[in-house]
Amino acid sequence: MTQAYEPLRLHVPEPSGRPGCKTDFSYLHLTDAGTVRKPQIDVEPADTADLARGLIRVLDDQGNAHGPWAENVPVAILRKGMRAMLKTRIYDNRMVVAQRQKKMSFYMQSLGEEAIGSAQALALNIDDMCFPTYRQQSILMARDVPLVDLICQLLSNERDPLKGRQLPIMYSVKDAGFFTISGNLATQFIQAVGWGMASAIKGDTKIASAWIGDGATAESDFHTALTFAHVYRAPVILNVVNNQWAISTFQAIAGGEATTFAGRGVGCGIASLRVDGNDFVAVYSASAWAAERARRGLGPTMIEWVTYRAGPHSTSDDPSKYRPADDWSHFPLGDPIARLKQHLIKIGQWSEEEHAAVSAELEAEVIAAQKEAEQYGTLAGGQIPSAATMFEDVYKEMPEHLKRQRQELGI
Ligand SMILES: Cc1ncc(C[n+]2csc(CCOP(=O)(O)OP(=O)(O)O)c2C)c(N)n1
Ligand SMILES: [Mg+2]
């Protein structure tokens, strides 16, 4: 006898908030600050399963630091991190306006995610190589990269170090350990693992830091990277920035509903942590722990940073079409700058006056850099490089087909 079954159906995850209704953030499964353990540095990857499901947090809602992950975080790092985060936000604000003024074609801000890149950059050495996505400009700010060069890249002007070859925001700053950003999502994740492996093959001591968004983890490069990283115990930190959205698709559709992104690392034999990405102290502490594991030859660490993409995906996006407009103000992990500020004031290392003074100083620095960069041209200025330049500086030796194309154009 054949049993009667209902017709088969697929499960399509839905976002927990849509325009016009308030997001239910209970899906985040938060834990209180200070409650998640800190394991030995040589922990077995399988023994991090609880850390990949929990949430490492140091700062509570009142700005007090708690628990084992609060230890050994120097105040000088917190103050430096505060400046880097403020600079990132001020820079982002001004560049969004410059895009609206048609001085550049495109911009992507990192509003709400400033703690992640800046704290990790400060936990690494300057010659460790970061393989960022387009939302880690805070790494550049923490590493004090000159703003004029960055803005010239955005403006694709005559001083653009990349000569207009890259979309604005796709910087490349080798000296600051900032690998060229790729527009093809996830490619940099596997490249970071390869770079880390090469460092080990050469007998060097440098480590790599790989970056990817929640949405891009659905790319096969992500999975390949995990395989190589765990098989060869590559010296790499595998960062997954779960900012809840991938343009208009919710993180659940990339696989964040039934498990955590960090949980995938454990499944691959990689030590994994899930961390409050808006808690600067927790980000620094978890990054330092992962870097130490990599340097000691203990292999990769995957870290899922739980955060929220507070702004639009890019200047070409309108999030009010697919999520509640005031979502960020309800996000339970708050604003990383406000939280670190509250903590620093509480421990007597910052004040409202200093906050205002540093903000004004950084604003002046960004304005001055923008003025200088604009002297070399903006999109609104209308000067466009000659078509001949698109053939240059791409190949060491120009392939035949490009030579032909150039001849056809008569340039
Ligand atoms: C291989 C590939 N597929 C699609 C795109 C188009 N695209 C650019 S960004 C993006 C969303 C990525 O979301 P996520 O990885 O969560 O990063 P976030 O923007 O949230 O930082 C998509 C689909 C692309 N650039 N490359
Ligand atoms: Mg995302």
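A polar contact is a pair of N or O atoms within 3.5 Å; within protein, one of the two must be able to donate a hydrogen and the other to accept it, and residues adjacent in sequence count only if both atoms are side-chain atoms. The structure is a predicted model, in which local features need pLDDT of at least 70 and side-chain atom pairs count only at pLDDT 80 or more, while totals for chains, interfaces and linings use all residues. Residues are numbered from 1 along each chain as its sequence is written, chains are lettered from A and ligands numbered from 1 in the order in which they are written, and side-chain values use heavy atoms, with hydrogens and water left out.

The ligand site comes first. Around ligand 1 there are 15 residues, of which Tyr-134, Arg-135, Gly-183, Asn-243 and Trp-245 come nearest (a residue is near if one of its heavy atoms lies within 4 Å). Gly-215 places a backbone N or O atom 2.9 Å from an oxygen atom of the ligand. From the side chain of Arg-135, an N or O atom is 2.8 Å from an oxygen atom of ligand 1, and a polar side-chain atom of His-313 lies 3.3 Å from an oxygen atom of ligand 1.

Attention now turns to helix packing. Helices are DSSP runs (H or I, at least four residues), numbered from the N terminus. The axes of helix 2 (residues 75–100) and helix 11 (residues 336–346) come within 10 Å and cross at roughly 150°; axes are lines fitted to C-alpha atoms over the stretch in contact, and angles run from 0 to 180 degrees between N-to-C directions. Helix 2 is therefore roughly antiparallel to helix 11, a term for angles over 145 degrees. Across this pair, residues of helix 2 including Leu-78, Met-82 and Arg-89 meet residues of helix 11, among them Pro-336, Ile-337 and Leu-344; contact means heavy atoms within 4.5 Å.

Asp-335 sits in the loop between helix 10 (327–330) and helix 11. Apart from its neighbours within four places in sequence, Asp-335 is in contact with Arg-89 and Trp-328. The side chain of Asp-335 makes a polar contact with the side chain of Arg-89 at 2.9 Å, and the Asp-335 side chain also reaches the backbone nitrogen of Ile-337 at 2.8 Å. Arg-89 and Ile-337 are themselves among the residues where helix 2 and helix 11 meet. The C-alpha atom of Asp-335 is separated by 9.2 Å from that of Thr-307, 28 residues apart along the chain.

How values were computed:
Helix = DSSP H or I, 4+ residues; strand = E, 2+ residues; numbered from the N terminus. Parallel < 35°, antiparallel > 145°, perpendicular 65-115°, else oblique.
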